[in-house]
Amino acid sequence: MKNNENRKELHIIQGPGYKYDSFIPIADRINEHFDRILSLLSISTPSGKPICIKLNVDCVNPEEIAAYAQRVSKDPSVYQIRMGAGLLYHLWVASRAFASEYNLLPWIEQCKINDERLRKLGKKQIFADYAHSIGCYYIILHEISHIVLGQLEYIKDEIELDYLSEFQDEKSQYSLEEIRISKAFEAEADRQAGEFLLVFFEQSLGSNGLGNYLSFPSRLHVYEFYVYAITIVFRMLQVLTQRQGLIHPKPNERLYTLVGSLSKYFSHNFPDEHDKIYLQAVKSCLEAGEKLLVLDSYDPCTVIQNAYNLAFVDEVIRETNIRSYQHKVEVISTK
Ligand SMILES: [Zn+2]
């Protein structure tokens with residue numbers, strides 16, 4: 001995994017010239033994804049009152065790069081998620097990496113398209129759109145996780161913050177302890193979002209777990225693609241934040257937190273596949289991190305060191321007793 005002099009670098013955010021205007025018709029899909037997620041997650045307060053979450057996407061201003069969840073009143077059952085379309089646009093451009101000539105995953109050509117209507121799009125384009133959907137689901141699920149985990153109540157009561165912004169307001173002044181807590185909450189939201197995301201991803205694969213409208217060659221290929229799709233999200237965040245944010249773990253740490261959630265998910269749902277898929281996913285992550293240039297994500301020693309550094313997350317969870325703030329959530333199965 002050491003640097004290879006002949007390694008071709010893939011520049012994604014600059015993209016192959018996709019304009020914001022081309023993205024506008026696709027922007028509405030975020031509402032479809034959001035509605036589907038909420039139709040399959042049943043969330044209620046500890047006293048059993050259903051939680052209401054509204055999505056508010058600003059499509060007018062392409063410069064608007066924002067994502068956060070907040071309470072809209074004192075009522076602990078009503079929330080909104082605010083999102084700037086600029087963020088979704090950057091994700092869309094980044095996911096075009098699958099459609100580029102780079103051949104991110106050369107085996108894509110071995111996949112079979114099952115849905116006649118998609119044939120004219122071509123396999124690379126289908127994978128680029130699939131990766132964009134996975135990224136959108138992750139972003140929504142991360143915000144929903146802040147709500148489900150009760151973190152908004154905690155930060156309001158204990159540190160007088162209204163929301164945890166994905167794109168930090170540099171004017172805000174945080175104490176070291178507030179940074180430590182916020183960072184742990186972000187890591188925990190990623191861990192939770194990773195588990196939710198796998199439920200939705202598996203549902204998208206149909207009953208044989210190999211794909212609905214297209215067929216992957218094997219389950220190992222399925223999860224290699226999944227890891228690449230989420231690696232693109234964190235490469236995008238690396239570019240947008242320049243790794244400057246104080247209250248988030250670094251993009252490379254977040255990437256491995258998400259990949260780490262595969263272990264718990266497979267142990268519970270597909271224990272026979274756990275070892276094979278999880279090892280492959282970690283290997284794919286080292287490769288994808290290098291190809292997509294997520295800093296500090298592909299040297300094994302650095303990755304191990306970062307994993308140890310995240311041990312403070314569990315300490316914060318214990319110290320804050322954040323579990324007592326948590327809402328109840330059930331995933332409604334469609335299989
Ligand atoms: Zn967050």
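Modeller: Happy to, and keep in mind that this is a predicted model. Let's start with α6, which has 29 residues and reaches 41 Å from its first C-alpha to its last, close to the 42 Å expected at 1.5 Å a residue.

Biologist: What follows α6?

Modeller: G206 does, and its phi is positive, near 80°.

Biologist: And at what angle do α6 and α8 pack?

Modeller: The angle is about 50°, and the axes of α6 (residues 176–204) and α8 (residues 251–269) are 8 Å apart. Angles between 65 and 115 degrees would count as roughly perpendicular and those under 35 as roughly parallel, so α6 and α8 are oblique to each other.

Biologist: Is that crossing left-handed or right-handed?

Modeller: α6 passes α8 in a right-handed crossing.

Biologist: Which residues meet there?

Modeller: From α6 you have A187, D190, R191, G194, E195 and L198, and they meet R254, T257, L258, S261, L262, K264 and Y265 in α8. By type, the residues of this contact of α6 with α8 divide into five nonpolar, three polar and five charged.

Biologist: I see gaps of three or four in those numbers. Why might that be?

Modeller: An α-helix has 3.6 residues a turn, so residues three or four places apart point the same way.

Biologist: Nice. Now for another pair: how do α7 and α9 cross?

Modeller: Their axes come within 9 Å and cross at roughly 40°, with α7 spanning residues 219–241 and α9 residues 274–291. That makes α7 oblique to α9. The crossing of α7 and α9 is right-handed.

Biologist: Who makes that contact?

Modeller: On α7 they are R219, L220, Y223, E224, V227, Y228 and T231, and on α9 they are I277, Q280, A281, S284, C285, A288 and G289. The contact of α7 with α9 divides into eight nonpolar, four polar and two charged residues.

Biologist: What about α1 and α3?

Modeller: α1 (residues 20–27) and α3 (residues 85–95) pack at an angle of about 105°, with their axes 10 Å apart. α1 is therefore roughly perpendicular to α3. Y20, F23, I26 and A27 of α1 make the contact with A85, L88, Y89 and W92 of α3.

Biologist: Switching to strands. In what order do they sit in the sheet?

Modeller: Three strands form an open sheet in the order β2-β4-β3, with mixed pairing. β2 and β3 stand at the edges, each with a single partner strand, so one side of each is left without a neighbour in the sheet. On average, neighbouring strands are turned by 20° against each other, direction ignored.

Biologist: Which helices pack on it?

Modeller: α3 packs on the sheet and touches β2, β3 and β4, its direction making about 55° with that of β4. Helix α4 (residues 123–148) also packs on the sheet and touches β2, β3 and β4, but its direction makes about 30° with that of β3.

Methods: Residues numbered from 1 in each chain as written. Predicted model: local features only at pLDDT ≥ 70, side-chain atom pairs only at ≥ 80, totals over all residues. Axes fitted to C-alpha atoms, helices over the stretch in contact; angles between N-to-C directions. Helix = DSSP H or I, 4+ residues; strand = E, 2+ residues; numbered from the N terminus. Parallel < 35°, antiparallel > 145°, perpendicular 65-115°, else oblique. Left-handed = near helix turned anticlockwise from the far one by under 90°. Contact = placed C-beta atoms within 7 Å. Nonpolar A, V, L, I, M, F, W, Y, C, P; charged D, E, K, R; others polar. Pairing = 2+ DSSP bridges. Expected span 1.5 Å × (residues − 1).
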